[in-house]
Amino acid sequence: MENRLERQIKIPLSSVDNTNTMSIVGIFNTFMDLATEHGDMLGVGMDRLSAKGLIWVAAKTKFCIAQRPEMLQTVTVATWPETPSKIRFNRYYSMADESGRYIIEGKTEWAILDLNTGRPHRLDETYPVDMKHWDEVVCDGPFSRMSTDFDGCDECGRHTVTSADIDVSQHMNNAAYIRNVLGAFCCAQLEKMNITEIEAAYRTQCFEGEHLVFKKRTIENGLEIGVIKEDGKTAAVVKLVCNV
């Protein structure tokens, strides 16, 4: 069974930002689409899981960005899962330029959730754990440990969840968190920040009509931004590592 999906693509206009290079949201969307397709190839696509009362959930995502490709540049994108543990595993991503050099690396920690119980579902009951897994590891090292406590931190933006943020799971899409957090900054600020790593930890779901507040705190090499719900709970934390 194929455990790695790889193909060449040209960076489309819809995925670039004001700098004529692939946007960070475009990076998230490209690899999310690729992972969705690969999951379907492995027999654990969203439709099949839904029929069993199950759903994929991403707990954490991280991308390391050496260089963002330009519009219409040809790159090779790939994704592959690691050997899973009982309830979770990492899926890796890579983007290589024409020379084969990785310009973007990433990983997401995934689990399968039982919609009836709200609890993680054992992967060996659904996922093809017996297949041979690709050994390569990219974006190495553990995910960051980020506090969800943003009391006393400065507000940097607000957002009301709209229909444009909602995906087939009927809650806010993972990439929508990134789009709206980055949208709290103007183009000049983002260009100055020169983000080289972005990491997101998803804590709880957000739904259409909810009002969110973004709060930021400065860290040694960038910012951590909390996405705060009306009840005070932190829905997600986004870490931006900057090269200023």
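Which elements each supply at least two residues of the lining of the largest pocket? They are α1 (24–41), β2 (54–65), β4 (89–96), β5 (102–114) and α3 (174–182); helices (H or I, at least four residues) and strands (E, at least two) are DSSP runs numbered from the N terminus. The model is predicted, so local features need pLDDT of at least 70 and side-chain atom pairs pLDDT 80 or more, while totals for chains, interfaces and linings use all residues. Residues are numbered from 1 along each chain as its sequence is written, and side-chain values use heavy atoms, without hydrogens and water.

**View A. Lining of the largest pocket.** A pocket is an open set of points on a 1 Å grid over the protein atoms alone, where a 1.4 Å probe fits, with protein on both sides within 12 Å along at least five of seven lines; lining residues have an atom within 4 Å of a point. Of its 35 lining residues, W56, V57, A58, W110 and N174 lie nearest the centre.

**View B. Lining of the second largest pocket.** This pocket has 21 lining residues, with D17, S23, I24, R68 and L190 nearest its centre. Two or more residues come from each of α1, α3, α4 (187–193) and β8 (195–202). The largest share, 3 residues, belongs to α4.

**View C. Helix α1.** Buried residues (under 20% relative accessible area, 1.4 Å probe, protein chains only) of α1 include I24, F28, F31, L34 and H38. G43, which follows α1, has a positive phi, near 85°.

Terms used: Buried means under 20% relative accessible area, exposed over 50%, partly exposed in between (1.4 Å probe, protein chains only).
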